Amino acid sequence: MLPPNVCSNPNAIAVSFPPERCLLTSPSASVRRLQFSIQDKDSIETCFLGIHLANPACSKIPALRTRSTGRGLRIEAVARPTILVAEKLGEAGLGLLREFANVDCSYNLSPEELCVKISLCDALIVRSGTKVTQEVFEASKGRLKVVGRAGVGIDNVDLQAATESGCLVVNAPTANTVAAAEHGIALLTAMARNVAQADASMKAGKWQRNKYVGVSLVGKTLAVMGFGKVGSEVARRARGLGMHVIAHDPYAPADRARAVGVDLVSFDEAISTADFISLHMPLTPTTAKIFNDETFAKLKKGVRIINVARGGVIDEDALVRALDNGTVAQAALDVFTVEPPPKDSKLVIHENVIVTPHLGASTVEAQEGVAVEIAEAVIGALKGELAATAVNAPMVPAEVLSELASYVILAEKLGRLAVQLVAGGSGIKGVKVVYTSARDPDDLDTRILRAMITKGIIEPISSVFVNIVNADYTAKQRGLRISEERIFRDTSPEIPLDSIQIHLSNVESKFASALSDAGDITVEGRVKDGIPRLTLVGSFSVDVSLEGNVILCRNTDQPGNIGRVGRILGEQNVNISFMSVGRTAPRKQAIMTIGVDEEPNKETLRKIGETPTIEEFVFLKL
Ligand SMILES: NC(=O)c1ccc[n+]([C@@H]2O[C@H](COP(=O)([O-])OP(=O)(O)OC[C@H]3O[C@@H](n4cnc5c(N)ncnc54)[C@H](O)[C@@H]3O)[C@@H](O)[C@H]2O)c1
Ligand SMILES: O=C(O)[C@H](O)COP(=O)(O)O
């Protein structure tokens with residue numbers, strides 16, 4: 001049995017053993033070390049099984065993940081992730097999740113129970129009924145990587161807390177649009193014809209034909225507040241009912257509205273001219289209680305209101321007053337400030353109000369669609385893919401990501417390298433990134449590169465985990481100003497980038513030769529044949545693959561230097577993977593860049609430092 005060595009995560013065991021014990025071979029590199037990160041102790045058997053079955057195609061087995069490191073190929077056997085589904089989800093989505101992960105469907109958890117469970121989960125899927133608060137992120141202790149909102153509204157997820165903890169939030173924004181729009185129309189027509197009240201009356205044994213005379217829709221004005229996905233579908237359907245539709249949305253393009261035969265108007269015009277008002281804006285600090293006493297005072301007397309958006313956009317007490325004084329003739333509500341609303345809610349029991357318990361998205365078709373949409377988004381995010389429906393991270397299309405894949409690695413390694421050149425390792429304030437490219441700036445999305453540079457700079461000098469979600473936030477928190485500059489270079493626009501340069505300003509370097517003429521620590525890299533390479537240190541051109549660890553030495557260019565350093569490394573069994581010499585001129589100042597597979601011990605580094613021809617040197621881990 002292999003000796004387990006328990007690592008810092010209390011839920012994980014890391015087991016390492018030497019190459020000769022490995023049962024795996026790899027097509028691309030020799031295995032030097034094998035490490036299993038097993039997040040759930042109960043899965044150890046499964047992981048070992050996976051290893052015995054492994055063959056050169058091992059990287060295709062989902063439980064095994066290969067990562068190229070300076071020490072060769074690192075293979076990690078990872079336990080299947082655990083996904084907590086905290087609210088009912090369609091079977092098709094659950095099926096997809098179960099193929100990929102351990103799925104724990106636990107509905108109706110109290111906030112305390114959720115906090116206990118979450119520390120054992122990598123992803124959480126909710127609908128609108130679960131509050132994902134800062135406490136939940138804190139309780140997860142960094143394990144929670146993705147929150148999937150099986151629907152549109154993300155007002156029940158604390159996005160700031162998610163971002164701060166590097167947790168990606170994804171939603172399913174399209175699959176319930178039609179269902180919500182249909183429910184809006186159902187409420188509109190039911191309200192106009194008193195369907196719910198008449199039904200209740202008949203069930204109570206009455207026959208009240210005169211009491212339930214309704215109003216017609218044709219020719220009436222409907223104001224759609226929020227002309228997004230649901231709002232525009234409601235508008236389209238209302239036009240089919242012969243209504244005159246206007247809309248208010250400060251962010252919607254007028255031509256999209258015109259295409260549906262709708263005029264975009266101001267908030268005041270919309271609310272003061274409408275016979276019916278249908279709400280379809282999200283709940284945000286700006287829209288919270290946007291319908292209040294002041295607003296109701298501006299409405300056309302006898303207006304009818306439908307809300308299938310969020311309860312919080314209406315001040316519910318003000319609505320009760322407006323209903324009581326006849327300003328609002330009727331309201332049809334699917335959503336409430338507090339859900340479920342209190343049993344004695346004056347709004348719910350009001351005779352001119354019809355209500356449904358947040359059913360907008362609740363059709364069989366919509367729930368199956370939402371379940372698949374969110375399952376795919378969560379699985380993709382757990383695999384490390386950038387989600388197209390990310391709510392708190394830049395959305396980078398898959399094709400852009402695949403095109404930039406090697407540059408993403410380059411960006412992180414350059415950041416990692418640059419920060420290790422700083423004397424003291426902290427106190428960096430200004431980072432300038434210069435991208436040279438033949439592409440038009442609009443055709444080059446650098447957000448992911450900036451995030452990876454930030455990761456490379458911050459992670460070696462802190463315990464913070466940085467990813468694309470929290471990179472900008474973390475940089476800001478640490479007072480790190482990252483500016484970006486594009487330089488046009490007339491190379492092939494087929495290639496997204498020619499080079500990436502990082503400049504750290506106002507810092508001292510432990511390797512003076514890394515300072516450019518302007519006094520900034522400067523490193524530059526390029527991708528050649530898909531391999532990230534270091535091409536400039538300070539003002540010295542070099543050309544080495546950015547793999548493994550690197551020793552930078554400054555010396556006077558003369559015969560014997562390479563041999564001397566090579567011998568010291570060889571004596572300590574440190575394998576040199578590559579070498580490059582950059583010099584200002586023959587026999588003048590030179591930089592020797594040596595890639596090493598192993599990490600030299602202190603004694604080896606001391607010997608290199610004492611070599612008479614070496615003027616300065618630095619060892620950098622990539
Ligand atoms: N009842 C339900 O079950 C149900 C189902 C689906 C969606 N919803 C809710 O409906 C709302 C709309 O969903 P969607 O998918 O159409 O979202 P969306 O993002 O496509 O549309 C929202 C629109 O509101 C606009 N908007 C933002 N602030 C505004 C403001 N101050 N005034 C006017 N418009 C503003 C935006 O520009 C956007 O066009 C969301 O709150 C969502 O949670 C509810
Ligand atoms: O925002 C949404 O998608 C709707 O309000 C649906 O919410 P639900 O998933 O809780 O039904």
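## Close-up views of a predicted model

**View 1. Asp529 sits in a loop between two strands.** Asp529 is exposed, with a relative accessible area of 81%. Exposed means over 50% relative accessible area, buried means under 20%, and partly exposed lies in between (1.4 Å probe, protein chains only). The loop of Asp529 runs between strand E21 (521–528) and strand E22 (531–537). Helices (H or I, at least four residues) and strands (E, at least two) are DSSP runs, numbered from the N terminus. Asp529 is not a glycine, yet its phi is positive, about 50 degrees.

This is a predicted model: local features need pLDDT of at least 70, side-chain atom pairs count only at pLDDT 80 or more, and totals for chains, interfaces and linings use all residues. Residues are numbered from 1 along each chain as its sequence is written, chains are lettered from A and ligands numbered from 1 in the order in which they are written, and side-chain values use heavy atoms, with hydrogens and water left out.

**View 2. The whole protein holds 19 helices and 27 strands.** The protein has 622 residues, and 50% of them are buried. Take the contacts (heavy atoms within 4.5 Å) between residues at least 6 apart in sequence: 64% of these join residues at least 24 apart. The protein exposes about 29,000 Å². Carbon and sulfur atoms supply 53% of that area. Accessible areas come from the Shrake-Rupley method with a 1.4 Å probe; for residues, only the protein chains shown count as cover.

**View 3. The largest nonpolar core has 76 residues.** A nonpolar core is a set of buried Ala, Val, Leu, Ile, Met, Phe, Trp, Tyr and Cys residues, joined through side-chain atoms within 4.5 Å. Leu421 and Leu504 touch the most other members of the largest core. Helix H15 (residues 398–420) gives this core its largest share, 9 residues. Another core lies apart, with 29 residues. Its members include Phe267, Ile305, Phe336 and Leu347.

**View 4. Ligand 1 has 25 residues around it.** A residue is counted here if one of its heavy atoms lies within 4 Å of the ligand. Lys229, Val230, Asp249, Val308 and Asp334 come nearest to ligand 1. By class, its shell holds 12 nonpolar, 9 polar and 4 charged residues. Ala, Val, Leu, Ile, Met, Phe, Trp, Tyr, Cys and Pro count as nonpolar, Asp, Glu, Lys and Arg as charged, and the others, Gly among them, as polar. An N or O atom in the side chain of Lys229 is 2.9 Å from an oxygen atom of ligand 1. For a polar side-chain atom of Arg310, the distance to an oxygen atom of ligand 1 is 3.3 Å. A polar backbone atom of Gly153 is 3.4 Å from an oxygen atom of ligand 1. On its own, ligand 1 has 850 Å² of accessible area, and the protein covers 88% of it.

**View 5. Arg310 also reaches ligand 2.** Here a polar side-chain atom of Arg310 lies 2.7 Å from a ligand oxygen atom. A polar side-chain atom of Asn176 lies 2.9 Å from an oxygen atom of ligand 2. The shell of ligand 2 has 3 nonpolar, 5 polar and 3 charged residues. Among them are Arg127, Ser128, His358 and Ala361.

**View 6. Arg489 lies in a loop between strand E19 (481–488) and strand E20 (499–505).** Arg489 is partly exposed, at 32% relative accessible area. Beyond four places in sequence, Arg489 touches Thr436, Ser437, Ala438, Asp498, Ser499 and Arg526. Arg489 and Arg310 are 179 residues apart in sequence. In space, the two are 50 Å apart, C-alpha to C-alpha.

**View 7. Lys455 belongs to helix H16 (residues 447–458).** Lys455 counts as buried because its relative accessibility is 13%. Residues up to four places away in sequence aside, Lys455 touches Glu412, Pro460 and Val466.

**View 8. The peptide bond from Glu339 to Pro340 is cis.** Its omega is near -5 degrees. Pro340 is in the loop between strand E16 (328–333) and helix H13 (346–349).

**View 9. Lys289 has a positive phi of about 50 degrees.** Lys289 is not a glycine. Its loop runs between strand E14 (276–279) and helix H11 (293–297). With 47% relative accessibility, Lys289 counts as partly exposed.

How values were computed: A polar contact is a pair of N or O atoms within 3.5 Å; within protein, one must be able to donate a hydrogen and the other to accept it, and residues adjacent in sequence count only if both atoms are side-chain atoms.
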